[in-house]
Structures are given as C-alpha cells and as structure tokens.
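Hello,

Here is the structure I promised to pass on to you.

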There are 2 protein chains.
Amino acid sequence: MIDINKAIESLNWNKEPKGLYEPIAYALASGGKRLRPTMTLIAAETILNGSLLNGNVIEDVLPAALALEVFHNFTLLHDDVMDKAPLRRGRETVHVRWNNNTAILSGDQMLIEAYKLLAQVPNDKVAGVLNLFNEMATGVCEGQQYDVDFEHMSQVSIDDYLMMIEKKTSVLLAYAMRIGGYIAGATPAQQEALYQYGLHIGLAFQIQDDILDVYGDPKTFGKQTGGDICSNKKTILLLTAMETADAESKAELLGWMMATDRDEEKINGVTEIYNRLGVREACETIMEEHTALALAQLDKLPQNSATESLRELAEKLATRKN
Amino acid sequence: MIDINKAIESLNWNKEPKGLYEPIAYALASGGKRLRPTMTLIAAETILNGSLLNGNVIEDVLPAALALEVFHNFTLLHDDVMDKAPLRRGRETVHVRWNNNTAILSGDQMLIEAYKLLAQVPNDKVAGVLNLFNEMATGVCEGQQYDVDFEHMSQVSIDDYLMMIEKKTSVLLAYAMRIGGYIAGATPAQQEALYQYGLHIGLAFQIQDDILDVYGDPKTFGKQTGGDICSNKKTILLLTAMETADAESKAELLGWMMATDRDEEKINGVTEIYNRLGVREACETIMEEHTALALAQLDKLPQNSATESLRELAEKLATRKN
C-alpha cells in the first residue's frame, strides 16, 4: 500500500504568498489517521482485485484520495474557527496560531486545492468525480449547519441526530469509498455497496465516539471522559436517555443539564441515569447494527485482500477503545 | 441577450437546512452589475458570431457564467467577514444580518455551488473549464492575501500593487471571458485575446475606482469621496505620489498619514499634494494604457455585434463617473 503521509508531504506549499500557503502546509502536516484517502485507495484496490499496487492505476486514484484529505482538513480549519477551538491534534489551531482571517482565507484556498487535485484524475473521469465530490461537499456543509441548528433546538430526535451525523461525518467516508471505486471502474451496484459501507462505518464510528466520551478508559481513550456531559452536547446517549426516560428520570436529567459548576458530580449523576436506563447497551446495539450493515456490503464486492482489509477496519472501529 | 438576473433568480435556494441556504439566496438577490456572467456570455457570443441568441449554445455557457457570479458573491461574503464590513450594496452584510459563522459556512457552500454549476457544462468541456476555474479561484485568493499583506508593509511598489489588483480583481474578469470563449470553441489564440481583454479591463476598472474615490463627483459617484485617503489605503494614487514626491512632499504626505482626527483637512491636504505632483494624470495615463491594451485584443477576434459590445464596455468603463 502506498504511504499516504508521504504523498501528502509531497504536495508543494512552498509558494507565494506565504501567508496563504503556510497555514495549509501546517494544517496538513498535523497528522491524523488519514482514514479518508486510505479508504479511497482500498476501495479502488478491492475493485481491481489488489492489482493497484503494481499498476499505473494508483496514479489515477491518488489525486482524488488526496483531494478528500485536503477537503477534510479544510472543514476542520473552518470548523475550528466556528467552534473557537484552541487545539487540534495537540497543536494550536490555525486561527490561534495566525488569526481568524487567515483561517478563513487559507481554508478557502484548501477547498480550491481539493478541486485542483480532483482535476488530475483521468480526463474521462473528471466530470463524474466532480459530481460525486460536489454531492459529498454539500452533504458535509448541510450536516455542519444541522449540527449548529440542533444546539439551539429543545427537541432533537434520534433520527434527526443520525441524519445529521450521516451528513456531517459519514457522507465523506461514503464518497471516499465510492470515488475510489468509480475511478477503478466499479459497476453502479459495486459503487453503491462501497458507498453504503462507508456510510455505515461512519455512523458506527460516530456513535462509538459518543459512547467512549462517557465510558472510555481515559488511559486508552487519550482524553478525559465526560466532556460531552459537561457541555450538554446532544449526543446519541443523551437523546436516547431523553426518549426512554420516565418523567422522574427526565426531570433529574434536565436538572443536571442546568448545573454548570459541578462537573464531576454532573458526570457521575448523568452517567448513573444512563446506567439505570441502559443507554450504553441501547447505543451499542445501534452501533452494531451499522457495523453489520457495513460488513454486509462487502459480500457484494470482489473478495480479495483489500476486501479483507475493509472487513478488519469495520471490526476494529466497532471494538476500538480510542 | 439573456436576462442574467432572471437566470440567477431561477437558481433554487429553497432547500433545507434553511440556515445554510437562505443567506445564499439573500447574497445573490442583492443585485450588483452582474458584470462577470455578462462578460462570459458576450465572450461566447463573439466567438460564435452572435449565433448564441438563437442556439442551444446558451445552455452550454450559462452554467459557467452563473458559476462565476456565484463565486464572485462567495468572495464578497468572506471578504466582508474579514473586513468587518457592515453594508454591501446598501443592505446589511450576511455576517451582520446573521453572524460570522453563518457567513463562513454559507460562503463555503456558495463556493461548492459554483463548482456544481460548472459541472453542468457539456461533459467534454468539464475538465477544461474546471482547470480554468481553479486557476482563477487560486488567483483571487492569492490576490486577497497580497492585499492583506500590503496593508502591513511600509514599502509597496506600483508594480506590486498592479500585480495584486490583477490577481484580486482582474483575473476573475479575464477567466470569465476565457471560459465563455473556451466553451464556445475559441482557438487558443482567441482564448488568449479574450483573457487579455478581461485582464486589462479589470486593471483599468480598478485604477479608475481609485481615481474616483478622490476625484469623483459625490453626486454621480454615489458615495462620499476621500475614504481611501482617510484610511491611508495604499491606492495607486498614494503609491504614485510616494514614488514621485521629493523629500519635502513625501514628509508632508507622511505627516497627513499620521493624522487620524481631521478627516476633511486631511482629504484636502493630500489631494493638494496629489494635484501638485500630477498624480491624477499619471494614474489616468496608466489606466488609458490598459484600456488601449484591452481594445487591441478585440482586433484578434471575429468582428460582430458582440465584439462591438466589448468595445463599448471598455470605453464606458474608462470614462465612467461611478
């Protein structure tokens, strides 16, 4: 498998004006899992029965894989401005290290750079890839807007929440898979299977994220748990609790949501309600359903070592501790 | 000629989530000259010898023309956030009417919408148009960054300034022309002529803008003159004055630049120095050179009523009072 980090490093940001390009280089050098471009490449490899490694096809797929990574980091840059987030992957965010205007403008340029990478796929695939990428990008922006909207709404259903995370997070993984398959010549049915795999993986991933924020072991999770509870974030755990609680538990939960100065007590109190209502198990069931749906897609694809990697990825994400 | 405003109105923004799309509808409904899409259509008409009106070609070119207008308005949305501008075309800016985060996110979506429109040009032209559009968009972002950089630099040459406005303003007009021509089947030489026409028109336009901000008649100019002088904006007038002034005039000019609480005196004082140094005439000469360069390009194109419109446009921009 190609080294994604090396491919990202080989993108040249040593250009003028430095004020525009240095923040892009900084943002892209900050690591991360490189999950999206990896998925694009594995999707292509699945379709090509593993012949990607030795063929020229890698050159056809790689620009699109990199475009998805650049796009993902563009969204982080602008999201961090909107959320006033000070840190990202352990380093200062761009708007802190430089300023808001830099994060806005360099972010805009990153989005354009993603489209420049897209334009490098084989000529007869450009129009198709552009359409898929545009649908993806629209979904992500819509998801971000729903996320903002939900913060200010008193009633959000679990279905609303799943729709929101589907757009905000899963659509990017779904199209990462589908675009890789499309360039590799996947049939429409195979493209759909790749898409659905990415979509359900993404949903399972986000649900697991919510669970770990409460039930993760701080040692393996890598950060303090309970952050979502303290900030009253409408996670699938809280929404499940609100939908299943009796009047008394609901009142207790709302009481804790008013508390702003007793973090430790609040985390313990809310977790205790979650435990009593079986929230963790209910959410794990939803997560496992999506993992199963993702795995079921793989039967519709050629069976080879790349398909096996996708199977392992789904299982790893479902049992991850961080 | 097709009614651009009607075509823009026919774009459908009545979509969910409203928080994302309503600001886009608002921004695009605020009028403006629609100069860029008009230029794209005229460029195509020139190449097709006026047959655009009756053909299906309009459907091929229109999406790209609209993409350029949507892109232009995207840049205004983000620029207004960065400049903290309260008004645009007499109405509240998006970040004032909503908030900064909305202006950032809806602006991002507008950029994506521009690419969605691009994807609607004929399939065999998509890759070519995408490349041209990406070059244009990169130029505009680079120009914006140079503009920011120049604010904080003590030494900016006239050449630096012309490079900056070429990127920030002219490149969009240049590619508006070239993309229209490209879709209409222009030869490379014709595309280059269309591009150069747009580039020089843009430079002349921006220089005239700087001149009018000092010498325009407030009655016809539509806004108070002297704003650039008050804010020490590095216009071509100020840069010309700094490059041509003797030590004494230079000291006097720098003195006025320190003054922050005597606007009327400052405007009169600086204008008096400009008059003494012949700054207006020097800048008008540069502007006329660019107008002449724009007009010279038209000789390389088919001669028809559309070419005549381009001739009139260049002459109108050069003698405009607002």
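**Salt bridges within the chains**

Glu265(B) and Arg262(B) are joined by a salt bridge, with their closest N and O atoms 3.5 Å apart. By salt bridge I mean a side-chain nitrogen of Lys or Arg within 4 Å of a carboxyl oxygen of Asp or Glu. Glu265(B) is partly exposed at 43% relative accessibility, and Arg262(B) is also partly exposed, at 37%. (Buried stands for under 20% relative accessible area, exposed for over 50%, and partly exposed for what lies in between, with a 1.4 Å probe and protein chains only.)

Before I go on, a word on how to read all this: it is a predicted model, in which local features need pLDDT of at least 70 and side-chain atom pairs count only at pLDDT 80 or more, while totals for chains, interfaces and linings use all residues. Residues are numbered from 1 along each chain as its sequence is written, chains are lettered from A and ligands numbered from 1 in the order in which they are written, and side-chain values use heavy atoms, leaving out hydrogens and water.

Over all chains, the search of the whole structure finds 24 salt bridges. One of them links Lys116(B) and Glu113(B), at 3.8 Å from N to O. Both residues sit in helix α6 (residues 100-118) of chain B, 3 residues apart, or about one turn of the helix. Helices here are DSSP runs of H or I with at least four residues, strands are runs of E with at least two, and both are numbered from the N terminus. Is Glu113(B) buried or exposed? Glu113(B) is buried, at 6% relative accessibility, whereas Lys116(B) is partly exposed at 25%.

In chain A, Lys15(A), Glu113(A) and Lys116(A) are linked in a network of salt bridges. Lys18(A) and Glu16(A) also meet through their side chains in a salt bridge, at 3.5 Å from N to O. Lys18(A) has a relative accessible area of 35% and is partly exposed; Glu16(A) is partly exposed too, at 47%.

**Where chain A meets chain B**

How many salt bridges are there between chain A and chain B? The count is 0.

On the chain A side, the elements giving two or more residues are α2 (18-28), α4 (57-83), α6 (100-118) and α7 (126-151). Of these, α7(A) gives the most, with 13 residues. The residues of this side divide into 18 nonpolar, 10 polar and 5 charged. (Nonpolar covers Ala, Val, Leu, Ile, Met, Phe, Trp, Tyr, Cys and Pro; charged covers Asp, Glu, Lys and Arg; the others, Gly among them, are polar.)

**A helix in chain B**

Helix α7 (residues 123-151) of chain B has 29 residues and reaches 43 Å from its first C-alpha to its last, close to the 42 Å expected at 1.5 Å a residue. That expected span is 1.5 Å times one less than the number of residues. α7(B) is mostly covered, with 22 of its 29 residues buried.
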